[in-house]
Number of protein chains: 2
Amino acid sequence: EHTATIIDGKAIARQVQQEIAVKVSKMKESVGKAPGLAVILVGTRKDSETYVQIKKKACEEVGFDFFGVKLPDNTTQDEILKFVKKFNDNPAVHGTQVQLPLPKHISEEAILGAVTIEKDVDGLHPMNVGRLAMQGRNPMFMSFSAKGCIELLLRTGVVIQGKHAVVIGRSNIVGTPAALLLQQRNATVTVVHSKTPNPAEVTRNADIVIAAVGVPELVRGSWLKPGAVVLDVGINPVEDLSKKKGYRLVGDVCYKEASLVASKITPVPGGVGPMTIAMLLSNTLESANRAYGLVDT
Amino acid sequence: EHTATIIDGKAIARQVQQEIAVKVSKMKESVGKAPGLAVILVGTRKDSETYVQIKKKACEEVGFDFFGVKLPDNTTQDEILKFVKKFNDNPAVHGTQVQLPLPKHISEEAILGAVTIEKDVDGLHPMNVGRLAMQGRNPMFMSFSAKGCIELLLRTGVVIQGKHAVVIGRSNIVGTPAALLLQQRNATVTVVHSKTPNPAEVTRNADIVIAAVGVPELVRGSWLKPGAVVLDVGINPVEDLSKKKGYRLVGDVCYKEASLVASKITPVPGGVGPMTIAMLLSNTLESANRAYGLVDT
Ligand SMILES: NC(=O)C1=CN([C@@H]2O[C@H](COP(=O)(O)OP(=O)(O)OC[C@H]3O[C@@H](n4cnc5c(N)ncnc54)[C@H](OP(=O)(O)O)[C@@H]3O)[C@@H](O)[C@H]2O)C=CC1
Ligand SMILES: NC(=O)C1=CN([C@@H]2O[C@H](COP(=O)(O)OP(=O)(O)OC[C@H]3O[C@@H](n4cnc5c(N)ncnc54)[C@H](OP(=O)(O)O)[C@@H]3O)[C@@H](O)[C@H]2O)C=CC1
């Protein structure tokens, strides 16, 4: 029985991080500085705290400086903006991240728009999104989740040009930048969303599928063209009383069915997730290279 | 034999311009001002000169103030930037347009990026493109060619939500913003470009086709699903010695074949073209409304 090759995001991410660590050592030798990542966390969401911890640990592993700020839930927008501006002005910081989601009383647009585009390692500033969408313009950064997907394709030898890609989901963070990036690399791209009446039929045209929906196991085996390459961005907790935590994580793709049809597939966890962090580090390194006038090799 | 209904862009554009003229009269009554459009023309391209003339005439017809600047081919970038800045600072100007293409020695990105986003009636500033691409962000302006296409669909009762749309071409001016706008209105959108190996097959999935390619009569009848709605943005001169000028204009769609398959279709000329000018006026009016704190009714 056919089974898809597993795209081992964890192993690839580890390799990317090792490459980054080497470059950081060289940077320290040549200019005596390390890349710096600042993360602003507002509130006490458990998942957000976990993500910030993961980022901090990843920074330490590759030799980045980490600047963490933890603010209470009731912090005003102006106070958050003060920290954003402080990091904008701090030459040791090359990337500033505001952990999302923000509390309801804060305007995400106002906060994200205040991060100088030179430090917008999230790639969420409209200026960077606009440049990504345009021919002949280079964004300073692009969404690291989307970049992680593309990097997985490149590092597993998947040809993008000339292929039909279907991206399911059109969020600012994943779906839209992933579609733009695939198109930049000359895939023919279709974007499926919640108002698409026939997502299965549309997805069956795809040589490459990126699922970024947030619906557990939405994409069934029957949605896939035999041999399709499947990247599953979804991270969804579903109840599982056999686990200590009472839940397990599943993707937006029904892995069991899809792995019988696809040629390559990312597991959840251990697929796209680890690459996301590696690409955040990569964006921050790029920014530091620019700040110190270094050419990436 | 079936023949598609013609989408009469000329008549619809005339109607839009009449609506605009009424609003301009009201604006003059209420605040004593008219919308103002500035167009900077560099060089002596015949087609560009014609377009500027058309814009000037359209402005006069609806009661806009027109600010035209004509500069020689060898104008430096700095000189052009001076005019852009002058118009940025002039409160009587609500839209500033630099006629494209610019001479080779000028950076289009630098010039277009200098137009303040408040007067970017072209919708070509990356900030406006980025906001158009993002969920929950409103661009101040969007490409008027793309807006013209959508307006033609809306005014001829074509439902967009839930439909599969194929946009052929991905330029900054037409293809990309048209795709983003269709997606914003909940179409499922596929973008076809020069690296798409099977454009006919992909296009046959479409309920709505927008062709913005610049290749005369590329889209054949066999590319279309019966009943598709076809918008032809192309304006291509082809040799025709029976005409006084020695050429005639054809679209990117083979009209003769397509009109036998489509349900609705725009002719060339007289389809998308006139709407483009009407939407430029519409963008400029919107800008003036914002400047004078008026609410569009
Ligand atoms: N691996 C990683 O590092 C990351 C993982 N994620 C995970 O990826 C998933 C998506 O995240 P995110 O993009 O932020 O989610 P959002 O909720 O912001 O966006 C979800 C998108 O999916 C579309 N959608 C929702 N339901 C359906 C449906 N039934 N059929 C087709 N489309 C649908 C929505 O369409 P519409 O626009 O019409 O509402 C929307 O565009 C989540 O599981 C999240 O946890 C997110 C970021 C990073
Ligand atoms: N009606 C109006 O008011 C306007 C009309 N136009 C007309 O619209 C047309 C397009 O203009 P514009 O968008 O500026 O043109 P561009 O040349 O900037 O872009 C053309 C696009 O078409 C794609 N393309 C080229 N050849 C093929 C092919 N054989 N198959 C599929 N795709 C192809 C290109 O792909 P790739 O990216 O891979 O190179 C590119 O994305 C022109 O005829 C122009 O005169 C333009 C503006 C306004």
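Begin the tour with an open sheet of 12 strands with mixed pairing, in the order β1(A)-β11(A)-β8(A)-β7(A)-β5(A)-β6(A)-β6(B)-β5(B)-β7(B)-β8(B)-β11(B)-β1(B). Strands here are DSSP runs of E of at least two residues, helices are runs of H or I of at least four, and both are numbered from the N terminus; two strands pair if DSSP finds at least two bridges between them. The model is predicted: local features need pLDDT of at least 70, side-chain atom pairs count only at pLDDT 80 or more, and totals for chains, interfaces and linings use all residues. Residues are numbered from 1 along each chain as its sequence is written, chains are lettered from A and ligands numbered from 1 in the order in which they are written, and side-chain values use heavy atoms, without hydrogens and water.

Next, select β1 (5-6) of chain A and β1 (5-6) of chain B, the edge strands of this sheet, each of which pairs on one side only. Then move to β7 (residues 208-211) and β8 (residues 229-232) of chain B, which pair in the parallel sense over four bridges. Within this pair, B:V209 stands opposite B:V230.

Now display helix α7 (residues 175-184) of chain A. This helix lies across β5 (164-168), β6 (188-192) and β7 (208-211) of chain A together with β6 (188-192) of chain B, and runs at about 170° to β5(A). Such angles run from 0 to 180 degrees between N-to-C directions, and axes are lines fitted to C-alpha atoms, for helices over the stretch in contact; contact means heavy atoms within 4.5 Å.

The next stop is an open sheet of three strands in chain A, ordered β3-β2-β4 with parallel pairing. Its edge strands are β3 (65-71) and β4 (95-98). Select β2 (residues 36-42) of chain A, which pairs with β3(A) over seven bridges; A:V39 has A:G68 as its bridge partner. Helix α2 (residues 46-62) of chain A lies across β2, β3 and β4 of chain A, at about 165° to β2(A).

Finally, turn to helices α1 (residues 9-31) and α10 (residues 272-291) of chain B, which pack at an angle of about 20° with their axes 9 Å apart. These two helices, α1(B) and α10(B), are therefore roughly parallel to each other, a term for angles under 35 degrees. Residues making the contact include B:I12, B:V16 and B:I20 of α1(B) and B:L281 and B:L285 of α10(B).

Technical notes:
Parallel < 35°, antiparallel > 145°, perpendicular 65-115°, else oblique.
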